[in-house]
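Hi everyone, thanks for coming.

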Amino acid sequence: MPRTAPRICPLCEATCGLTLTIEGTTVTGARGDRDDIFSRGFICPKGASFGELDADPDRLRLPLVRSYGPDGARGALREASWQEAYDLIAARLPPIAAAHGPDSVGVVLGNPNVHTIAGSLYPPLLLGALRTRNLFTASTLDQMPKHVSSGLLFGDPFAIPVPDLDRTDHLLLLGANPLESNGSLCTAPDFPGRLRALRARGGTLTVVDPRRTRTALLADRHLAVRPGTDALLLAALARALFEEKLTDPGPLAELTEGMDDLREAVRDFTPEAVAPACDLTAGEIRTLARELAAAPTAAVYGRIGSSAVEYGTLASWLVDVLNLLTGNLDRPGGALFPLSATDRAPRPAGPGKGFALGRWTSRVAGHPEAKGELPLAALAEEIETPGEGRIRAVIALAANPVLSAPDGDRLDRALAGLEFMVSVDPYLNETSRHADVVLPPPPPARSAHFDYAFNGFAVHNQVRYTRAAVPPEKGQPDESEIHARLILAVSGAHGADPATVDDLAIGRELARAVADPHTPVHGRDPRELAALLTGESGPERRLDLRLRLGPYGDGFRTGTADTGGAADPAGHTPAPDAGGPGLSLARLLEHPHGIDLGPLRPRLPGPLRTRSGRIELLPAPIAADLPRLRAALADRPAGLVLVGRRHLRSNNSWLHNVPALNGGSNRCTLQIHPEDAARIGLQDGALARVTADGGALEAPVEITDAVRTGVVSLPHGWGHDRPGTRTSVASARPGVNVNQLLDGSRLDPLSGTAVLNGFPVELAPATPAPTGRN
């Protein structure tokens, strides 16, 4: 008989609750979970397609290993046993690191890692085992500017304020289209409904975007800014606030340093000076500044369109500067710091270690690290360039940089020249086809789910956990075991029990906890505490540990009458819904639809980790980069610039193989304004040739006034036409890889993030192919 099971959706950052219908071991349906304490039944097309994704016949079920000829020549990939796959990794990869040093191994983490338990828990252990500094992630293609700006402002790159969507009176969105993306660095199920509720309660929605997106259509005001000038607009807003004496940080004035320096730093960015570069009027800029200052509460929020640009870190910094100047930082209805259930329990405020950039640099181009990562755009040159420290082996975890990073053709060639490569991936895609070993994780219905990453960006504090809805296939390890065995294989412990990896991680976390005088387990025996952990697996025991030591946890005081949760500086304690003496895995399992931990609350100075213990408004790296922004005041780009776009039925490159998500607006077309199309001679539906730094491509034209003049748009994540892949649906509608237009030289210097938006392109009608007749 059919049965149902709850499952948190892993397909975007909204983390909606689903109710799966299951017949035998097959997911036959998915609907929104009306009892989910966060999403309340909301579902989007991605979640509704869960069953198709789960049963995709192109998903790999067994490992693939590469055959080698007698002379060592690389042959084809073939199915193999799990034992054979790990034997090959253990035999090939450690000797490379031993002969050429730990930095000869590069690790690449893709976006799907933050959507799984294993992808959150095990990569740090893998990096520790390898001791490599060559880490590349998808963050340097999207959100790294926000991590860097938060690190510089607050001392912690993960202390990212999110807009209090449910209580704000004025929301300013820059470069964000949550009606299509469902939100990013702002975990909010039913983002569209929350925006409509803002309007319904009399609030104001302002959208800054060069495209008239679905989100812009919902707005009270849409400002079609010139792409890449968000930092200029934000600086002008700050300048107008100072000039008109509208700044009022409120209680944060006592926690902030550098206000006078900031006032001087933005002096040149008057609305009149900025307006021509942004293609707005000075009056529009001043009106927006006044409305932000006058609103009872307001929040400024920027995403990819303002982040993956030339001044991405400056724009991300100015978002929080504006929230502070208007008194809306760390204020209900403004922008607040979430407190997730697995966060560290709040500690006494005071100076911290701070945040530093450039602790090391990349070998070839000298790019500074940011948050321990190097720019993904630099991976190809680190593989290709001979010399000491050259990357000779790569481990790619749920990553497809051939499509997601600039100049995929160059990276494609570089990966083909590696001595050894491992991919953990369910598909044989444009990147994993180069691997010597491919380790496929099980389908999502056969995996447990907890959002370690996204709960830290949620617009409402809550906690949810769902166990696997379908048991594993015989002989199929779960994703956590796959990662654990990989760690053992590369660290010289091949063949050891995978459970030892979790035991080691638990021992380390408990050792730190008992040594910390601010934890409730200070001075206790780590072995005693480890014996108290519950759960059916190592990952569940690690979750139990983090829940119990977290801000709402029982502190290993199970059975006592107190709440067990440490209060934060605002007096926050576990919500009554936690049920009993505080959170633990056992408590959470009693609530299959989650536990409501209450609305976001003011938390400063708790999250501050700067050396001064204060908000440092004008950090030195930001001040050093501002002259570059001042120079942009005179820029008037000629011709066309290109921006990306998101589709509701897509998420980067990894959902294009699901039939239900193909079609509708999810098309790889070049959007262009009618005036620009007429000037260039482009016809709707015909092919246009697009040329930029990294090369050229041809894409079908879609003429629409939804994109402003001077701007064209191509979506990200397409280009599924390379040989050797096994994604039949995606290959049938391959589209073109927009990132092939980039050569990787355009980066935001502070964060190393690739400039994927607002770069210049040239357009012309595509030359018809020759007919072959004389």
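**A leucine in a loop**

L600 counts as buried because its relative accessibility is 1%, and the cut-off for buried is under 20%. Please keep in mind that this is a predicted model.

So where is L600? You'll find L600 in the loop between strand 19 (595–599) and strand 20 (615–616). And what does L600 touch, if we skip residues up to four places away in sequence? The list is V162, R167, L336, P338, A458, V459, H460 and N461. As for distance, 449 residues along the chain separate L600 from G151, and their C-alpha atoms are 21 Å apart.

In soluble globular proteins, nonpolar side chains tend to be buried together. Here, the largest nonpolar core has 66 residues, and L232, L234, L237, W317, L325 and I615 touch the most other members. Several elements each supply at least two residues, including strand 9 (170–174), helix 15 (312–325) and helix 24 (620–631). Which helix gives the largest share? That's helix 10, with 11 residues. Apart from this core lies another one, of 55 residues, with L64, V394, V701 and L756 among them.

Finally, let's zoom in on two helices. The axes of helix 15 and helix 24 come within 10 Å and cross at roughly 115 degrees, so the two helices are roughly perpendicular. The crossing is left-handed. On the helix 15 side we have T313, L314 and W317, which meet I622, D625, L626 and L629 of helix 24. Those contact residues divide into 5 nonpolar, 1 polar and 1 charged.

Methods
Residues numbered from 1 in each chain as written. Predicted model: local features only at pLDDT ≥ 70, side-chain atom pairs only at ≥ 80, totals over all residues. Heavy atoms only, no water. Core = buried A, V, L, I, M, F, W, Y, C linked by side-chain atoms within 4.5 Å. Buried < 20%, exposed > 50% of the residue type's maximum accessible area, 1.4 Å probe, protein only. Helix = DSSP H or I, 4+ residues; strand = E, 2+ residues; numbered from the N terminus. Contact = heavy atoms within 4.5 Å. Axes fitted to C-alpha atoms, helices over the stretch in contact; angles between N-to-C directions. Parallel < 35°, antiparallel > 145°, perpendicular 65-115°, else oblique. Left-handed = near helix turned anticlockwise from the far one by under 90°. Nonpolar A, V, L, I, M, F, W, Y, C, P; charged D, E, K, R; others polar.
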